[in-house]
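This report describes a protein model with chains A and B. It goes through strand pairing, selected residues and the interface in turn.

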Amino acid sequence: MSNTLRPPLVAAPYAVTPHNVSRVMLWVAAALAPATVFGFWLYGWPAVHLWLITIGFSLFGEALCLRLMQRAAIPVLLDGSALLTGWLLALSLPPWAPWWLGAFGGLFATIIGKQVFGGLGQNLFNPAMVARVALLISFPAAMTVWVAPLPLTNPAAPGFIDGLRITMGGLPAAFDGVTSATMLGHAKTELSRGIDLAHSLVTVGAPADDLSGARAGSLGETASVLLAGGGLLLLVLRIITWHIPVAMLTAIAIPALIFHAIDPTRYLSTASHLLSGGAMLGAFFIATDYVTSPNTRLGQLLFGAGVGFLTYVIRTWGGYPEGVAFAVLLMNALTPVIDRYLKPRIYGRDRRGKALEIAEESTS
Amino acid sequence: MKLLNFLRGEAFQRGVHPPSHKEATADRSIRRLPFAPQLVVPLSQHIGKSPKPIVRVGQEVVRGQLIAQSDDWLSVPHHAPATGVIEAIELRPSARGPWVESIVIRVQSGSTQEDLWGKPQDLSNATPQELLQAIWDSGMVGLGGAAFPTHAKLTVPKQAHVHTLVVNGCECEPFLTCDHRVMVEEADALMAGIRYGMRATSAVRTIIGVEDNKPDAVKAIQAAIDKIGATDIFVEAVPTKYPQGSEKMLIMALFGVEIPSGGLPVSLGMVVNNVGTLAALGKLLPAGRGLTERVVTVTGPGVARPGDYRVPLGTPLKFVLEYAGAEVNSRQVIMGGPMMGQSAASLDVPITKGVSGVLVLRGEDIAEREQRVVYPCIKCGECVESCPMGLNPSILGMLASRRDYEPMGSHYHLGDCFECGCCTYVCPSNIQLAQQFRIAKQVLRERATA
């Protein structure tokens, strides 16, 4: 039997697509890169340090759990998911945040947000958003210290060492002058003080400035155009589909349009909503997380609309100026329910799964 | 949903579009493969009891002569594929792996591939029963791959009524072109076979569904229809999408109706047959001959002379591959198409009635598949969006990986899965879902009978 060999360890189908998880993760990272690099330029070295620390600790948290389970860490780290979790979390942090915020967040994301549930694919909630919300609730002060953009090319920008000092030691007094508020935060604070938008927004700039992204905000959320560009790349590569981003942005835009039309002095414009805060980052990179979003297109539309609408509600009437993270988590919790009810009808069966009746004269 | 499908220009929901790879063989005429020195005819080639050999070792047989006979309704007779001497009746390796009782024929050198044995018959006034008997006698099974006995498939159950014969010319599997070539070259024989099929089932019309990537086949069939002036036979191009060739999907594409779960097309008044089967019937029945050869696509990146070959049944794979110029080992050889075929257990395995293709993949491609990292399911939903049946392969796969088979069948309708492989094709985590489902089904079957 010279021509009998060990049969292949694969069975039909022998044709497969070249997609794989780690390639998907790396493409998402690549799509995030432009907005991230822009964030580095905008907020300088402290942002770079924070980004590295957050990703480092998120990888460390994953490796730690795997070692505790006596599993090899390297192959799992190579799937790229922990890298991406850390990356997304870093982008949602204040760029000059102290190191321990990134470190705690990174560990929290992969340990509590992901590995405790059973690792990749098992977590109910988006790990990066779990960590962000945990940080926001635990350290509200540190999580809301924003800095005005101080681009690397600006001579006043902190250098590598100063940047490290900022990240390691907290915001030194010397740089106190540059702290600022995000547009959403500023609008909310001023509204609560009885100052309407027509007056308060004069100082933070119009939505047109938002397009460039040169304003106070999280490390990677201000460059709306670059984020949308990265999102388009993912759409073109068919890594994500349009359903969640479009549904989410539409569900932010429609209430914004209505309420802004009713009272422009109390309600921000549609453009302000779409281009500020985490709307773009959330729509293309966070709400689209495979694991925690529904797996049918109809379910994804509902999920995206839910995230968008809740974001608007939290921003407008809630206690926090920004609501993407909360909205994503709330809809994550609904995902199993959505998947349970919005599933495809099986061929030859009705919606309940009962076999179809044989209809007389059913053809021609 | 129908309007949605129409707007999308899709025939059935979901499915996939694998690269077709048909260009290497689609435009080449069918060529004859010479006789191998030795042919091996396994007695059992499909479900049903295996037929009994009616020849002795040492006996001389003539091509076309009956060599195995059965009175079991679900099994068909075999005919000698070549003139020669019965060398042995013994266990030989089969495509699936186990060794099965086979008739081994030493081919007489210089023998002709013309059929020598046959009893020309006039079936113009035959009753459906007589036609079915003639079909049974020809040893015909579905040549599309399932190898279900054709006479049984064309038999209409007592209470049922058949109005439409559906002829499946989709050939949606990548690489395969044997049906395509048969439609182009043997459209007249196909018409004759269709007439027999219609008379056996009392169908009043026939619709031939062909994927729209084969316009020459549609044209050839239309010409054949016009030639005989038939007004009850239609050819229809259906969108090219895998698995269009599944009868469930084809009926959906042609009529917009679904076969109820657990039912057969006959519950909708339809019987589905493959083009190759009917074309072969059209040639064999009037001559009163048995099935001794079939058209097989031999192709793939490792084949120097790819093409559609008319292969005597029983020809060992090794001989087919040598002739087509493929120096390979059995690990690279798939019998059937890449989506639903199976890897050859060895190169001694013979071509049987159900083998539509011999696909030779590159060794490095197989090795690459084997070495792929399997990631956990990330619930991306690609499989859900590809399953033509509307099942949830993601949940089924998670249940399968913890061997929780019962709910797969009872709750997630695993029984509706026909193993087309779309889910595995798209899975970015490289999970072999289709194979998990085959195993789960087998386990559930065994538990049900235990």
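## The antiparallel sheet of chain B

β7(B) and β8(B) pair in the antiparallel sense over nine bridges; helices (H or I, at least four residues) and strands (E, at least two) are DSSP runs, numbered from the N terminus, and two strands pair if DSSP finds at least two bridges between them. Within this pairing, Ala88(B) has Val104(B) in β8(B) as its bridge partner. The two strands belong to an open sheet of four strands with antiparallel pairing, in the order β2-β8-β7-β4 of chain B. One side of each of β2 (38–42) and β4 (60–61) has no neighbour in the sheet, because these strands stand at the edges with a single partner strand each.

## Basis of the model

This is a predicted model, in which local features need pLDDT of at least 70 and side-chain atom pairs count only at pLDDT 80 or more, while totals for chains, interfaces and linings use all residues. Residues are numbered from 1 along each chain as its sequence is written, chains are lettered from A and ligands numbered from 1 in the order in which they are written, and side-chain values use heavy atoms, with hydrogens and water left out.

## Ser94(B) in the β7–β8 loop

Ser94(B) sits in the loop between β7 (84–93) and β8 (99–107) of chain B. Ser94(B) counts as buried because its relative accessibility is 11%; buried means under 20% relative accessible area, exposed over 50%, and partly exposed in between (1.4 Å probe, protein chains only).

A polar atom of the Ser94(B) side chain lies 2.7 Å from the backbone oxygen of Pro98(B). Apart from neighbours within four places in sequence, Ser94(B) is in contact (heavy atoms within 4.5 Å) with Trp99(B), Val100(B), Ala345(B) and Val349(B).

## Strand β9 of chain B

Six of the six residues of β9 (164–169) of chain B are buried. Thr164(B), Val166(B) and Asn168(B) point one way from the strand, and Leu165(B), Val167(B) and Gly169(B) the other way. In a regular strand the side chains alternate between the two faces of the sheet.

β9(B) pairs in the parallel sense with β10 (205–211) of chain B over six bridges, and five bridges join β9(B) to β12 (270–274) of chain B, again parallel. Val167(B) stands opposite Ile208(B) in β10(B) and has Asn273(B) as its bridge partner in β12(B).

## Interface of chains A and B

In the interface, 64 residues of chain B are in contact with 45 residues of chain A. The buried area is about 5000 Å², of which carbon and sulfur atoms give 57%; buried area is the accessible area (1.4 Å probe) that two parts lose on being put together, summed over both. On the chain B side, Glu258(B), Arg369(B) and Ile378(B) lose the most area to chain A, together 13% of what that side buries.

The interface has three salt bridges, a salt bridge being a side-chain nitrogen of Lys or Arg within 4 Å of a carboxyl oxygen of Asp or Glu. Glu258(B) forms a salt bridge with Arg345(A), at 2.5 Å from N to O. Elements giving two or more residues to the chain B side include α7 (247–255), α10 (363–371) and α14 (433–449) of chain B.

## Lys343(A)

Lys343(A) is found in the segment after α16 (324–341) of chain A. Lys343(A) counts as partly exposed because its relative accessibility is 43%. Not counting residues up to four places away in sequence, Lys343(A) touches Thr296(A) and Arg351(A).

Terms used. A polar contact is a pair of N or O atoms within 3.5 Å; within protein, one must be able to donate a hydrogen and the other to accept it, and residues adjacent in sequence count only if both atoms are side-chain atoms.
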